[in-house]
Amino acid sequence: MEKSELVHHMRPSPNYNDRAAPISMLVLHYTEMKPVETALDRLTDPEAQVSAHYLITEEGQVYQLVPEEKRAWHAGQSYWRGTKDVNSASIGIELDHPGHANGYRKFSDAQFQALVPLAARIAKQHDIPRANVVGHSDVAPARKTDPGELFPWSRLAEYGLCLPIPTKLESGDPFHNDGAFVLALERFGYDITEPKKAIEAFQRRWRPQLIDGQVDQQIGAILWQLLLQRDRGDAR
Ligand SMILES: [Zn+2]
């Protein structure tokens, strides 16, 4: 690990081990802890058994805690597109933020401006598909809500770093019932063990204006479009 234009500080964490899979995902989190020193202390505390590869402060300072080639402990019990050991397959970035528990608010611009070049470098170096740049809530829908509905996924998509929210939606209801929608959610990548939580996670990411865990025509049309794009090969 060394400092660079994109990495301003080194704060090595002992909380990592060897990867059991190649890197194919990027997982974004919020720390839900203020001040940032509290989060840095926890992510480097051997007792806590948690870590991430990077942490970005609200002022846009980037800390590296774990070398990318090692398996950091950020995702916990998780699942995405058939992968159960998400920690082995991913790089984890923590965003310094109070989270839903301590006054949920917009992510700072300085933080986003630091995230973009770091995520771009990571995605390019490891050839990570846009569809595998996800939130913690996407890979652990029953347990997690971070980074949450205020994270600017659409802005990140403008840089080609994640999938954009589909806009051209077909009218009508593509799924006959809630069960068909949930099975399609699984096909897209989500763990559907707790269907209502999986629906909420999908809404948080793809239709953040209304998160109620209910299947409706709009989220049906969005998921349909996402799967169509993937089948056409447009959504890598
Ligand atoms: Zn998280």
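Trainee: Buried means under 20% relative accessible area, exposed over 50% and partly exposed in between, with a 1.4 Å probe and protein chains only. How does glutamate 68 count, buried or exposed?

Mentor: Glutamate 68 counts as buried, at 8% relative accessibility. Please note that this is a predicted model, in which local features need pLDDT of at least 70 and side-chain atom pairs count only at pLDDT 80 or more, while totals for chains, interfaces and linings use all residues. Residues are numbered from 1 along each chain as its sequence is written, and side-chain values use heavy atoms, with hydrogens and water left out.

Trainee: Which residue forms a salt bridge with glutamate 68?

Mentor: Arginine 121 does, with the closest N and O atoms 2.7 Å apart; a salt bridge here is a side-chain nitrogen of Lys or Arg within 4 Å of a carboxyl oxygen of Asp or Glu. Glutamate 68 sits in the loop between β5 (62-64) and β6, and arginine 121 in helix α3 (residues 109-126), so the pair links parts of the chain 53 residues apart (helices are DSSP runs of H or I, at least four residues, and strands runs of E, at least two, numbered from the N terminus). Arginine 121 is partly exposed, at 27%.

Trainee: Changing topic: which residues touch the most other members of the largest nonpolar core?

Mentor: Phe181, Leu185, Phe188, Phe202 and Leu223, in a core of 29 residues. Such a core is a set of buried Ala, Val, Leu, Ile, Met, Phe, Trp, Tyr and Cys residues joined through side-chain atoms within 4.5 Å. Elements giving two or more residues to this core include α6 (178-188), α7 (195-206) and α8 (217-232).

Trainee: What does phenylalanine 202 touch?

Mentor: Leaving aside residues up to four places away in sequence, its partners include Phe181, Leu185, Arg207 and Leu223, where contact means heavy atoms within 4.5 Å. A second, separate core has 28 residues, among them Ile23, Phe112, Leu156 and Leu161.
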